[in-house]
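Visitor: Please show me the sequence and the structure, and then let us go through them in questions and answers.

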Amino acid sequence: MNNPHDEKPDEPNNGSEGIPAPEGAANLIDTDYVIGQDNITASPLGVNVDLHGKVFTISSIVILFFVIITLALQDQVTPIFDVTFNFLTGNLAWFFLLAANIFVVLSVVLIFTPLGKVRIGGAEATPDFSYAGWFAMLFAAGMGIGLMFYGVSEPLTHFGTALDGTTVENGVRTDWAPLGAAVGDEQAAVSLGMAATIFHWGLHPWGIYAVVALALAIFSFNKGLPLTMRSIFYPILGERVWGWQGHVIDILAVFATLFGLATSLGIGASQATAGLGYLFGIPDNNVTMVLLIAGITAVALMSILAGVDKGVQRLSQLNMGLAFLLLGFVILVGPTLMIVTGFFENLLAYFVNLPALSNPFGREDANFSQGWTAFYWAWWISWSPFVGMFIARVSRGRTVREFLITVLLVPSTVSVLWMTAFGGTAIDQVINNGFEGVQNAVLELQLFVMLGQLPLTEITSFVGIVLVMVFFITSSDSGSLVIDSITAGGKVDAPKPQRIFWAVIEGGVAIALLLGGGLAALQTAVITTGLPFTLVLLAACYAIVKGLMSEPRSG
Amino acid sequence: MYRKIMVPVDLAHLDVIEPALEKVADLARHYDAEVCYVGVTANTPGSVARTPQEYTQKLEVFAKERGEAHGQPVSTKTITSPDPIADLDDVVIKAIDEVGADLVVMPTHPPKHLDVIMPSHGGKIATHTKVSVFLVRP
């Protein structure tokens, strides 16, 4: 009658076909909720839509409201956002640091426990994407763009502040150096600066992403709940997650994702524009930036229409290849020996300083731990609904152990190598060549100025600009998929025009805020969503353990 | 003339495809052909089923009911995809050869301007297969 045997069960590359035969007992949660039951289906103007009525409507109104007040009352709202944000990082830094440590510890511990044997999607599930495609996608979504932007500047900054040592006024430290600084000792300052940078780009951010992604993946693929943030809360709220509590969680996730993307799109456009100006003399002004955002959005639209497999995956792999070429080039042409030995030294410095850097209580380096670390944690956490949901969606068929190694350990290692190569080269230029051009350049240009000291600068800078732009295309693309699935009540097969709608809104909001001002203000507002999401993530930790305990473990 | 008719079905929107399904039954009786119902589903939980297995079961039940109604032999094929909306055309084209169909019958909408950006599934499939394709307009 049916023919489930005409598929090849062990073909991991095969993105799109084959019913994975009987998948073993995945313990579905027993609920009467039917996915899409609260959805509205209609076809205004001949375009079909299938949306979660409340989540879509309220999210749209909240987004519109924030764009308008930020544009209209910029001077009034900026201080409000700033005060809120400073309160969060100032008074609740310990909470962010403590929570992030919990996420890392849980992720690492799960690798080594028998729970690591549970397979996402049931015992017999097979992966939808190849290793290369999978890794490229999660890396591009997770931090590709950040590494381009901060890979040079952050190591250099921490190195500089550490070297300058500490300054105390009225018994309060006013310097921004990590821990106890390393005044006058260049080698120690390099170590500490690198350790501090890697700390912000290593296990902790990926631990944050891993927790969200794993919780969503388990509750969607193994427990049969819709792929939206609210499903994480099922073990705590039960059937109430389908009510207003769930709506609030989902709306918050849409808000954080959309404004996170829009502000990043604006910031990325400014880096790409600065780079184009530096390289080709293209005027660095609003017209160029608007054209860039429009162009990026247009390419993202094509990618969205092509889907996850042929759109995001291909672009991510292309970018992964380009990024590694650039990385390899910097390693070979830059101070090769220093980068190779530096990789191990920095890794060691990271682990040596990790306990002190991640300590939530009694910190002397308040500026660093609040202004840098807590800021970063809030930032990563506010991004986590977007990145986590996207990672979850492409991770079906992996075991929990495989998942955590690939989402936590591999990207962290790549971050160490990246920071060592790009930051290390810039620091080397300062220490050994006495070149201070990078330090003196504006943030957007630091990467290009560093590359300018190496041969073939026209080519490498151009590759750098392309990388920035393609990372934004994949972010805009995967972000639209995520927002669409949340606002469609967890459906991933809602009509295509909805994805297009969200991609256009992202670009539109970015342009509006770029021209009207307020990008920075809204970024602050986005990061404040880090606080409620920290609570969501803590709930996710509980949900992961509870969910995994009731799953069969594959061999 | 035709031995195996393949019919892509969307279990979530049966009302939309019902007219096409009637024609399938007529054709199957006329040619004494087997009908293969093909369903494409997301691997995430959806409105029809919460797992691909559950989807397969529902598709089998559906095919069995149809088979009893029109009296011709039936078969099914479930295809799972991480992004069914975008991958639909490709996986259906691939399935034509896999199930060995010699006629595809599927519902489609009248041509419209939006087709330039998002071509209709039926139109796309017809241009990418050697077998006959019967597009049923509402």
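Visitor: Where is the place of A:Leu179 in chain A?

Guide: This is a predicted model, in which local features need pLDDT of at least 70, side-chain atom pairs count only at pLDDT 80 or more, and totals for chains, interfaces and linings use all residues. Residues are numbered from 1 along each chain as its sequence is written, while chains are lettered from A and ligands numbered from 1 in the order in which they are written. Helices (H or I, at least four residues) and strands (E, at least two) are DSSP runs, numbered from the N terminus. A:Leu179 is placed in the loop between β4 (172–173) and α7 (186–201) of chain A.

Visitor: What is phi of A:Leu179, a residue other than glycine?

Guide: Most residues other than glycine have a negative phi. A:Leu179 has a positive value, with phi near 45°.

Visitor: Is A:Ala181 buried or exposed?

Guide: A:Ala181 is found in the loop between β4 and α7 of chain A, and its phi is positive, near 60°. A residue is buried if 20 or more other C-beta atoms lie within 10 Å of its own, exposed if 12 or fewer, and partly exposed in between, with C-beta atoms placed from the backbone. A:Leu179 has 19 C-beta neighbours inside 10 Å and so counts as partly exposed. A:Ala181 has 25 other C-beta atoms within 10 Å and is therefore buried.

Visitor: How are α8(A) and α14(A) oriented, roughly parallel or roughly antiparallel?

Guide: Axes are lines fitted to C-alpha atoms, for helices over the stretch in contact, and angles run from 0 to 180 degrees between N-to-C directions. Helix α8 (residues 203–222) of chain A packs on helix α14 (residues 400–431) of chain A at an angle of about 155°, with the axes 8 Å apart. Angles under 35 degrees count as roughly parallel, over 145 as roughly antiparallel, 65 to 115 as roughly perpendicular and the rest as oblique. The pair α8(A) and α14(A) is therefore roughly antiparallel.

Visitor: What is the orientation of α6(A) to α14(A)?

Guide: The axes of helix α6 (residues 153–164) of chain A and α14(A) come within 8 Å and cross at roughly 55°. This angle makes α6(A) oblique to α14(A).

Visitor: Which residues of α14(A) does α6(A) meet?

Guide: On the side of α6(A), the residues are A:Glu154, A:Pro155, A:Leu156 and A:Phe159. Their partners in α14(A) are A:Met419, A:Gly423, A:Gly424, A:Ala426 and A:Ile427.

Visitor: With which residues is A:Leu467 in contact, leaving aside its neighbours within four places in sequence?

Guide: A:Leu467 lies in helix α17 (residues 457–487) of chain A. With 22 C-beta neighbours inside 10 Å, this leucine counts as buried. Apart from neighbours within four places in sequence, A:Leu467 is in contact with A:Met148, A:Asn319, A:Leu322, A:Ala323 and A:Leu326.

Visitor: Which element gives the largest share of the side of chain A that touches chain B?

Guide: In total, 37 residues of chain A are in contact with 31 residues of chain B. On the side of chain A, the elements that give two or more residues are α8 and α11 (286–333). The largest share, 5 residues, comes from α11(A).

Visitor: Why do the buried residues of α2(B) line one face of the helix?

Guide: The buried residues of α2(B) are B:Pro52, B:Gln53, B:Tyr55, B:Thr56, B:Leu59 and B:Ala63. The arc is that of the directions from the helix axis to the C-beta atoms. Seen down the axis of α2(B), the buried residues line one face because they fall within an arc of 150°.

Visitor: What covers the buried residues of α2(B)?

Guide: The face turned away from the buried side of α2(B) carries the exposed residues B:Val61, B:Glu65, B:Glu68 and B:Ala69. The cover over the buried residues includes β2 (34–42) and β3 (74–81) of chain B.

Notes: Contact = placed C-beta atoms within 7 Å.
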